[in-house]
Amino acid sequence: LEDLVSRFPEPEWMLFAAEYAGALAHLDPGGVPGWRQWADSGLRREAGSRAGSAAARARAAGVLAVLSGPEPGLPAGEFPGLVQGLGLAGRKRWRDALSQTAALEAYPDSQFVSPVLRALVHLDRADWWARSGDPEAAARELRWAEHWQVVGFPRGVPQAADVDWSLRTLARWRLATTLDRAGRHDEEVCLAYLRVANAWTSGSPIFRARGDSARTRAAALACPAGM
């Protein structure tokens, strides 16, 4: 992302890079260590900048409120329910957090102030369902990303569907491990593990290790290699 903003320093890309880094650091802190501080700094900069539009400042402040809580002097954001849900989850009140954020599932992507928030809602709610003892409900949340695909290279400003597509492997990793722990060892679990193994064959050591684990588990479950 640092390379992205150095090559494309336009305000929209600067804002998106900070949002995306923050969302990843929130959703997968073990996979992207060190990104949270960089993201928070970028979001605060964009939220307080007078160079951009009022809409961009409000968007940055809204995402910052979701990821870090509302800050003095900045707008609380357009989704106080999500902020409150995350606060409840921080106190391990999983069912209350799910109830607080249930209405967000009906929002079309165009209603989210940032393209990263729809994915964040689904992945967080999947985690809360799993922690509350309902792996099947968690799986329903994690299947959202399978409805999106990218044909060719993305063009223009990043959209929610682009973010959803980019996080499919993380969603599949969580789907496979959640259902596996619950005793589900069917075709869906096998396919998720094999797709993770294929997607994470390269990159950082953390993701390569996950890919190796997925491949090993798929072999242990006798998953057909050609799925």
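Modeller: Start with K92. Its relative accessible area is 64%. This is a predicted model.

Colleague: Why is K92 called exposed?

Modeller: Exposed means over 50% relative accessible area. K92 has 64%, so K92 counts as exposed.

Colleague: Where does K92 lie?

Modeller: K92 lies in the loop between α5 (80–90) and α6 (94–101). Its phi is positive, about 65°, although K92 is not a glycine.

Colleague: What makes A222 exposed?

Modeller: The cut-off is over 50%. A222 has 63% relative accessibility, so A222 is exposed too.

Colleague: Now the whole chain. How many helices and strands does the protein chain have?

Modeller: There are 12 helices and zero strands. Read along the sequence, the pattern is α-α-α-α-α-α-α-α-α-α-α-α.

Colleague: What share of the protein chain counts as buried?

Modeller: Buried means under 20% relative accessible area. Of the 227 residues, 45% count as buried.

Colleague: What share of the contacts with a separation of 6 or more comes from residues 24 or more positions apart?

Modeller: In the protein chain, that share is 58%. A contact here means heavy atoms within 4.5 Å.

Terms used
Residues numbered from 1 in each chain as written. Predicted model: local features only at pLDDT ≥ 70, side-chain atom pairs only at ≥ 80, totals over all residues. Heavy atoms only, no water. Helix = DSSP H or I, 4+ residues; strand = E, 2+ residues; numbered from the N terminus. Buried < 20%, exposed > 50% of the residue type's maximum accessible area, 1.4 Å probe, protein only.
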